[in-house]
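Hello,

Here is the structure I promised to pass on to you. Please open it next to this message, and take your time to turn it around as you read.

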Amino acid sequence: MLLEVRDLHVEFRTRDGVAHAVNGVSYAVDAGETLAVLGESGSGKSVTAQAVMGILDMPPGRIGGGEILFQGRDLLKLKEEERRKIRGAGMAMIFQDALSALNPVLSVGDQLGEMFVVHRGMSRKDARARAVELMDRVRIPGAAQRVRDYPHQFSGGMRQRIMIAMALALEPALIIADEPTTALDVTVQAQVMDLLAELQREYHMGLILITHDLGVVADVADRIAVMYAGRIVESAPVHDIYKAPAHPYTRGLLDSIPRLDQKGQELYAIKGLPPNLMDIPPGCAFNPRCPMAQDVCRTDEPPLYEVDPHRGSACHFWRECLHG
Ligand SMILES: Nc1ncnc2c1ncn2[C@@H]1O[C@H](COP(=O)(O)OP(=O)(O)O)[C@@H](O)[C@H]1O
Ligand SMILES: [Mg+2]
């Protein structure tokens, strides 16, 4: 397995109390595989990713326990210097907002080239040539001319392609894309997502695709991990989830996707709000919003039940959900 996160816990100590952002998350992604991590805002998707990348804000963040095995090594046991090496060449991250992730006062060619100068010891001239190649690779029209341009001179979609190029530069084994298309309009979203999926296949990388939009993952993901209040509530191959969710929260997310064949009908929305992470309700964290909740859901926290060897659901009533 390329990456295996095991029972990860992350909390934030703030003036108001302790926010339990990640509460025992386990997930895995293999080379050539795409794992989509799904869930409403605040469910702990980014914090988990930041822990994997080693860019968690500490303090106020603190890793309370768990393991992050990357190519067999527990990253949480490595020295910062070793982690930095892995961050350069082993794994890379693509963020939602390219404009704040890129350096505004460096041309995109210099920024891309910098990767090769620093990590590969290339000359400026060779690095520049590689930068143009990369920009071509992510299909930026007129790459040879545009290599001197600055980030603000590109459209949102083109900037996101440049971020993908940056992430790809050192051919990492793993890419984490955190809401990579959220800031783009719908047609551009699809293009950038297609490009990312194509490159992932070509380079045989592991890809963790974080999104709050189930609509975008159907075509690109192999597996889906659904997060709620810092836990994985369902984990399954993507087709199984679309066929029949095994958790009422997943069902709610599926029902909230706009569908062409239901134009004009009012869109379903899961009622209520995610819990306060300083005060997560006992039992199943989703119970106050769950249409299927029974007494046991308010008292007993569900384990991740094995639905089948490839699938888990943290719902006491996963069978009813699956067949209902
Ligand atoms: N730097 C921080 N300081 C304090 N709390 C934080 C910080 N980053 C994240 N959190 C807490 O962790 C929760 C989960 O955040 P995040 O992983 O970013 O959610 P998302 O699923 O939307 O990516 C937030 O709602 C917040 O309570
Ligand atoms: Mg996030």
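This is a predicted model: local features need pLDDT of at least 70, side-chain atom pairs count only at pLDDT 80 or more; totals for chains, interfaces and linings use all residues.

As background, strands of a sheet pair through backbone hydrogen bonds, either parallel or antiparallel. You can look at one example of each here. Strand β7 (residues 174-178) and strand β8 (residues 206-211) run parallel and are joined by five bridges. Within this pair, I175 stands opposite L207 in β8. For the antiparallel case, go to strand β1 (residues 3-14) and strand β2 (residues 17-29), where 10 bridges join the two. A hairpin through two residues leads from β1 to β2, and T14 stands opposite G17 in β2.

**Helices on the sheet**

**Helices against each other**

Two packed helices are described by the angle between their axes and the distance between the axes. How do α4 and α7 pack, and at what angle? Helix α4 (residues 108-120) and helix α7 (residues 156-168) have axes 9 Å apart, at an angle of about 15°. That angle makes α4 roughly parallel to α7. The crossing of α4 past α7 is right-handed. On the α4 side you will see V108, Q111, L112 and M115, which meet I162, A165 and M166 in α7. By type, the residues of this contact of α4 with α7 are six nonpolar, one polar and no charged.

Helix α7 also has a contact with α8: their axes come within 10 Å and cross at roughly 15°. α7 is therefore roughly parallel to α8, and α7 passes α8 in a right-handed crossing. From α7, the contact takes in G157, Q160, R161, I164 and L168, while α8 brings V188, Q191, V192, L195, L196, L199 and Y203. The residues of the contact of α7 with α8 divide into eight nonpolar, three polar and one charged.

**Two threonines to look at**

Is T211 buried or exposed? T211 lies in strand β8, and it counts as buried because its relative accessibility is 6%. Leaving out residues up to four places away in sequence, T211 touches V37, L38, G39, K45, E179, V216 and V217.

T181 is found in the loop between β7 and α8. With a relative accessibility of 5%, T181 also counts as buried. Again leaving out residues up to four places away in sequence, T181 touches Q189, V192 and M193. One of these, V192, is also part of the contact of α8 with α7.

Enjoy exploring it, and write back whenever you like.

Best wishes

Conventions: Residues are numbered from 1 along each chain as its sequence is written. Chains are lettered from A and ligands numbered from 1 in the order in which they are written. Side-chain values use heavy atoms; hydrogens and water are left out. Two strands pair if DSSP finds at least two bridges between them. Helices (H or I, at least four residues) and strands (E, at least two) are DSSP runs, numbered from the N terminus. Axes are lines fitted to C-alpha atoms, for helices over the stretch in contact, and angles run from 0 to 180 degrees between N-to-C directions. Angles under 35 degrees count as roughly parallel, over 145 as roughly antiparallel, 65 to 115 as roughly perpendicular and the rest as oblique. A crossing is left-handed if the near helix is turned anticlockwise from the far one by less than a right angle, and right-handed if clockwise. Contact means heavy atoms within 4.5 Å. Ala, Val, Leu, Ile, Met, Phe, Trp, Tyr, Cys and Pro count as nonpolar, Asp, Glu, Lys and Arg as charged, and the others, Gly among them, as polar. Buried means under 20% relative accessible area, exposed over 50%, partly exposed in between (1.4 Å probe, protein chains only).
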